[in-house]
Amino acid sequence: MKVFTKSLKVFGVAAAFAGSTFAFTAPALAQSSLSEILRKVESNSRELAAEDAQRLAQFRRDTASQRTEMESAQAALAQANRRANSLSSQFDTNKSQIETLGAQLSAEAGEFGQLVGEFNGAVGDVLPDIENSLASFEYTGRMDGLAEVAQSIALPSREELDRLPNAILKEMIAQSEVKSFVGEVKGAGPDGETQELEMTRIGVFTIATNDGTRFVEFRDNAADGVPYLAVLKKQPTGRFRSQMASLISADEGTTVTVPFDPQKGALFAIEGEKPSLGERVNQGGIVGYVILTLLVIGSAFALFKIVTLFLMGGAMRGTAKTKQAGDGNPLARVFETYETNKNADLETLELKLDEQILRESPKIERFNDIVKVLAAVAPLLGLLGTVIGMIITFTAITNFGAGDPKLMAGGISTALMTTVLGLVAAIPLLLLHAVSASMARGNQQVLDEQAAGLVALRAERESGGAA
């Protein structure tokens, strides 16, 4: 607004000059117009002078106020400096007094001061072991105040000194205990949440939950550094869990053999990571499943053949005693051939019996060759799987290098498991084939013996009749 007023005043002066010029150019204008312009110029000058005086007065008032504030700040600063000097002097006095009292305390403590030093050293050695003990999850708070006593500069009382041996005695007792207690276990809930469960503790070595006999391990990798218990992601085999379940359900005073882990669950975690039988079979891949299929087929043929040969042998031994011809077993059919051709000459009868035996031999030897071939093919397939696994391993080395053994583990597992499966299939098939082949030879020998006996009997009769 002031700038705009000044602009109007300047414009008025300009208009005055312009009016003068106009007066020269137009002498008909009245003299009163010049007087009016002069009055306006004077009025504007008075207004400008008043505004300048007002601004000057405001500036003087502001200067006085700032001078007052500056004096107040300087006074406060001086007071603060005096207080700082006083506190510094008091600090030095207190420090000197503390040093004097400390020297006096050391002199008066004597051997007790040395005992306190030994106490602090013992606390530093024992405290981590007790804090990381599995018994601490049952006996909570047994180390409360012990660390503060060890770090304090004041002499501890007898009660405070007794906390350390009491904590050590509790730890010694806990090492020989088999107890159940309730505590929080991370990952124990259905969705992996923390849950409060009843657990059984074996000394300070092993903890397992009473429901489902799940082993628990000690962990100290929390963000706040507080140790906690967590259920193993993969539990050990059923043998360990069944032994632990026997302990949990055993009566007091019963002797039970149970596993324990001195690493507080770490060894059980390693045991749980071991692959199961199904996982090992899966490592063999397609070749492994083919080998197992051959094992099943070969075993089925071999067992079927062994059963049929056993039944056949029993029937043939019965027929050998009764000499009864028929169609129930190979020997009965041989006797049937003899009865049919008993009036023929000796050579013809012998040829007919040999023909019947040759006709029965394939039935006796049936499926034995299949079992033998499968027993020979199984290790070859295992060798094939070994080659495939090594190819996988060298491909991983080529692509990723040999720095990480886990990258090569898959191929090596395939190579080894297929070899194992090939041997697992070949060994029992060879044994079954040996049994079935032996039984087949036994039955074949019975046929040969009985046929030879029939021919010999016929020859004796003919010799006796001729005589």
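## Ground rules

Residues are numbered from 1 along each chain as its sequence is written, and side-chain values use heavy atoms, without hydrogens and water. In this predicted model, local features need pLDDT of at least 70 and side-chain atom pairs count only at pLDDT 80 or more, while totals for chains, interfaces and linings use all residues.

Helices (H or I, at least four residues) and strands (E, at least two) are DSSP runs, numbered from the N terminus.

## Helix 12

Helix 12 covers residues 346-365. Its 20 residues should span 28 Å at 1.5 Å a residue. The expected span is 1.5 Å times one less than the number of residues. The end C-alpha atoms are 29 Å apart, which agrees. At the start of the helix, a side-chain oxygen of Asp-345 comes to within 3.3 Å of the backbone nitrogen of Glu-347. After the helix comes Phe-367, with a positive phi near 75 degrees.

Buried means under 20% relative accessible area, exposed over 50%, and partly exposed in between (1.4 Å probe, protein chains only). The buried residues of helix 12 are Leu-349, Leu-353, Gln-356, Ile-357, Glu-360, Ser-361 and Ile-364. Ser-361 counts as buried because its relative accessibility is 15%. Its side chain makes a polar contact with the side chain of Gln-444, at 2.9 Å. Such a contact is a pair of N or O atoms within 3.5 Å; within protein, one must be able to donate a hydrogen and the other to accept it, and residues adjacent in sequence count only if both atoms are side-chain atoms.

## Two nonpolar cores

A nonpolar core is a set of buried Ala, Val, Leu, Ile, Met, Phe, Trp, Tyr and Cys residues joined through side-chain atoms within 4.5 Å. The largest has 17 residues. Leu-331, Leu-353, Ile-364 and Leu-447 touch the most other members. Helix 10 (285-322), helix 11 (330-340), helix 12 and helix 14 (406-466) each give two or more residues. Helix 14 gives the most, with five.

A second, separate core has 13 residues, including Ile-291, Leu-381, Ala-425 and Leu-429.

## The sheet

Strands of a sheet pair through backbone hydrogen bonds, either parallel or antiparallel. Here, five strands form an open sheet in the order 1-2-3-4-5, with antiparallel pairing. Two strands pair if DSSP finds at least two bridges between them. Strand 1 (178-185) and strand 5 (228-231) are the edge strands, and each pairs on one side only.

Strand 1 is joined to strand 2 (residues 195-202) by eight bridges. Glu-184 stands opposite Glu-196 in strand 2.
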